[in-house]
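Q: I would like to learn how to read the overall form and surface of a model. Where do we start?

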Amino acid sequence: MDKELYLDRLRASLRSLPEAEAEATAEYYAELIEDRMEEGLSEAEAVAGLPAPEDAAQEILLDQPLARIVAARVKPKRRLGALEIVLLVLGSPVWLPLLLTLGILVLTAYLLVWVVALVLWTVDLSAAVGAVGGLAGMLGGILQRNMYEELFAVGAALVCAGLAILFFFASLWSTKACARLGKALLRSLKAQLIGKETAA
């Protein structure tokens, strides 16, 4: 594949981006090809070392904000006719609540995953407070000269401190897992929208 064919296919795959942005991306890839050719590669070798134009375009589109992808996806290719507008308005009592329900269900499922992380952080904070409380109980036992109360308070403080450390790492892991899940879900949603866009 030569440089011009590669850039044409790249521009065609980036048609959902604004024209100036798609052209800037094409210029960037043209410079990459030229740089590789200056290093001694032939034009075909320079192009072959790059990802396929469609793959490069998909990665570029996945890096775009979701709002831009949705705006490009829902933008009509042509003006709607009067009959289509009337049908959209008359059908809105059916399709609008269904769409809102779907969005709320997806958001609720995502928030429930974050609730697990929040609960773990709450348990961790409670254990840390329990460790401090155990140390305070130990001081109270010292003041009252009650050895059993001191030993119980020290034991409780150590158990709570151990639980606080354990739950800290569990909470940290769950928070990172939730963040990764959110990022994966967002990329999946973008990929679905981009896939539909390229199929259209």
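A: Start with the surface: accessible areas come from the Shrake-Rupley method with a 1.4 Å probe. In this predicted model, the chain exposes about 13,600 Å², and carbon and sulfur atoms supply 71% of that area.

Q: Which residues make the nonpolar surface patch?
A: The patch is made by Leu80, Ile85, Leu88, Val89, Trp95, Leu96, Leu99, Leu100 and Ile104, and covers about 850 Å². One of these residues, Trp95, has its place in helix H6.

Q: Is tryptophan 95 buried, partly exposed or exposed?
A: Buried means under 20% relative accessible area and exposed means over 50%, with partly exposed in between. Tryptophan 95 has 39%, so the residue is partly exposed. Serine 126 also sits in helix H6, which runs over residues 82-144. Its relative accessibility is 48%, so serine 126 counts as partly exposed. Across the chain, buried residues make up 22% of the 200 residues.

Q: What does the secondary structure of the chain come to?
A: The chain has seven helices and zero strands. In sequence order the pattern reads α-α-α-α-α-α-α.

Q: How does the radius of gyration of the chain stand against that of a compact globule?
A: A compact globule of 200 residues would have a value near 16 Å, but the chain has 29 Å. Along the principal axes, the C-alpha trace spans about 90 × 65 × 20 Å.

Q: How far apart are serine 126 and glutamate 19 in sequence and in space?
A: They are separated by 107 residues in sequence and by 55 Å in space, taken from C-alpha to C-alpha. As for contacts between residues at least 6 apart in sequence, 72% join residues at least 24 apart.

Notes. Residues numbered from 1 in each chain as written. Predicted model: local features only at pLDDT ≥ 70, side-chain atom pairs only at ≥ 80, totals over all residues. Heavy atoms only, no water. Helix = DSSP H or I, 4+ residues; strand = E, 2+ residues; numbered from the N terminus. Buried < 20%, exposed > 50% of the residue type's maximum accessible area, 1.4 Å probe, protein only. Patch = residues over 30% accessible without salt bridge, like charges linked within 9 Å, V, L, I, M, F, W, Y side chains within 5 Å. Salt bridge = Lys/Arg side-chain N within 4 Å of Asp/Glu carboxyl O. Rg over C-alpha atoms; globule rule 2.2 N^0.38 Å. Contact = heavy atoms within 4.5 Å.
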